[in-house]
Amino acid sequence: MDKRTEIEKLGEFGLIDRIQSNVKKYNSQTIKGIGDDAAVIESGDEVLLVSTDLLIEGVHFDLSYMPIQHLGYKSVVVNVSDIAAMNGTARQITISVGLSSRISVEAIDAFYEGVNAACKNYKVDLVGGDTSASPSGLTISVTVIGASLPNEVSYRSGSKDKDILCVTGDLGGAYVGLQILEREKQVFLSNPEMQPKLEGYDYIVQRQLKPEARLDIIHELKDLEIVPSAMIDVSDGLASDLMHLASQSSLGARIFEDKLPIDKSTYDVAVELNLDPITCVLNGGEDYELLFTIKQSDFDKLEKHRDIHFIGYMEKGTKEVGIVTKNEQWVPLQAQGWKHFSED
Ligand code: ADP
Ligand code: MG
């Protein structure tokens with residue numbers, strides 16, 4: 001009998017490692033291939049950054065509560081965010097769509113309205129794509145091309161001992177927002193007469209439906225002449241993304257519960273839903289904030305920044321990544337990664 005291994009056994013990261021292990025490089029211009037937020041390609045005086053993302057209905061989004069123009073906007077944002085995570089700026093995107101007969105021309109118009117709004121916001125040109133019929137649902141694939149300077153690229157692997165861990169904005173909101181949208185969907189399904197109750201949940205719902213990529217931070221860091229020693233965007237969740245940063249930098253990391261940024265409404269709604277707010281911050285995902293490290297000597301320049309939080313530091317001589325709780329206990333973090341092949 002032929003051997004058959006379930007994908008679930010490897011998980012996302014195991015599967016990517018397996019693909020990567022058989023990849024050979026044939027072009028000297030390919031500086032960095034698989035393994036970071038974007039590939040890095042030599043191009044004259046600068047480097048090009050290339051990243052791609054696949055969004056599948058029923059896995060990554062649910063059109064019953066995701067307005068399709070927001071989906072268009074978010075499809076661009078998640079890609080621009082991966083370029084930001086390399087300390088670069090995005091320039092062009094291509095978008096491919098797989099369309100079932102359920103998707104009307106009006107819906108496609110609305111999707112591209114969102115795409116165009118994001119392109120305007122982030123100064124990105126839509127330069128191509130592909131269009132295909134699909135047996136069911138909506139599939140979107142976006143590829144983004146960006147650029148940086150060779151000595152300004154921030155890889156996941158660049159952290160050094162005692163570098164300070166920084167995170168932008170606040171975390172957990174997108175996840176808690178999703179729980180509210182799911183709850184209201186269930187209410188609606190059981191009684192279509194019921195209108196969704198979203199008042200008071202504006203901030204977290206917006207974090208889920210209309211995230212922004214933190215290019216503003218990239219520009220500010222450049223003005224301050226700070227190149228993060230390592231960087232990743234928080235798409236899978238702080239714990240998982242921090243583990244990537246630490247393992248690729250061959251360091252351990254220590255973060256502090258009382259330093260984690262959480263918005264008051266995220267906190268309150270998490271409690272309302274019987275969720276642990278810190279778990280939402282650590283494992284929520286989809287916040288599209290930036291997690292990066294800086295040398296201690298750069299701290300003074302960022303200390304007063306209104307939207308950058310110092311959550312911990314990197315440590316050599318250990319591979320452990322963990323959190324120090326408010327009552328000073330050390331709790332190792334677990335990689336969550338993506339669970340689409342298993343229980344999700
Ligand atoms: P992100 O969360 O930043 O989008 P991913 O976790 O999706 O990054 O991907 C991690 C790395 O693995 C990236 O370099 C990505 O290009 C690469 N990768 C993911 N899937 C594949 C695949 N099927 N083939 C080749 N490379 C892949
Ligand atoms: Mg990323």
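At 6% relative accessibility, Asp37 counts as buried, where buried means under 20% relative accessible area, exposed over 50% and partly exposed in between, computed with a 1.4 Å probe on protein chains only. The model is predicted, so that local features need pLDDT of at least 70 and side-chain atom pairs count only at pLDDT 80 or more, while totals for chains, interfaces and linings use all residues. Residues are numbered from 1 along each chain as its sequence is written, chains are lettered from A and ligands numbered from 1 in the order in which they are written, and side-chain values use heavy atoms, with hydrogens and water left out.

Because Asp37 lies in the loop between strand 1 (30-32) and strand 2 (39-43), whereas Asp233 lies in strand 8 (residues 230-233), the pair ties together parts that are 196 residues apart in sequence. Helices (H or I, at least four residues) and strands (E, at least two) are DSSP runs, numbered from the N terminus. Asp233, at 1% relative accessibility, also counts as buried.

The helix packing can be followed next. Two packed helices are described by the angle between their axes and the distance between the axes; the axes are lines fitted to C-alpha atoms, for helices over the stretch in contact, and angles run from 0 to 180 degrees between N-to-C directions. Helix 2 (residues 68-84) packs on helix 3 at an angle of about 40°, with the axes 6 Å apart. The two helices are therefore oblique to each other, given that angles under 35 degrees count as roughly parallel, over 145 as roughly antiparallel, 65 to 115 as roughly perpendicular and the rest as oblique. The residues in contact (heavy atoms within 4.5 Å) include Leu71, Val76 and Val80 in helix 2 and Phe111, Val115 and Tyr122 in helix 3. By class, this contact of helix 2 with helix 3 has 13 nonpolar, 5 polar and no charged residues, where Ala, Val, Leu, Ile, Met, Phe, Trp, Tyr, Cys and Pro count as nonpolar, Asp, Glu, Lys and Arg as charged, and the others, Gly among them, as polar.

Apart from neighbours within four places in sequence, Ser100 is in contact with Ser134, Pro135, Ser136 and Gly137.

Helix 4 has two packing partners to consider here. With helix 5, the axes come within 7 Å and cross at roughly 100°, which makes helix 4 roughly perpendicular to helix 5. Among the residues that make this contact are Val176, Ile180 and Leu181 of helix 4 and Ile204, Val205 and Leu209 of helix 5. Helix 4 (residues 173-190) also packs against helix 8 (residues 264-272), at about 45° and with the axes 9 Å apart, which makes helix 4 oblique to helix 8. Here Gly173, Val176, Ile180 and Arg183 in helix 4 meet Thr266, Val269, Ala270 and Glu272 in helix 8.

Pro196 is found in the loop between helix 4 and helix 5 (202-209) and, at 43% relative accessibility, counts as partly exposed.
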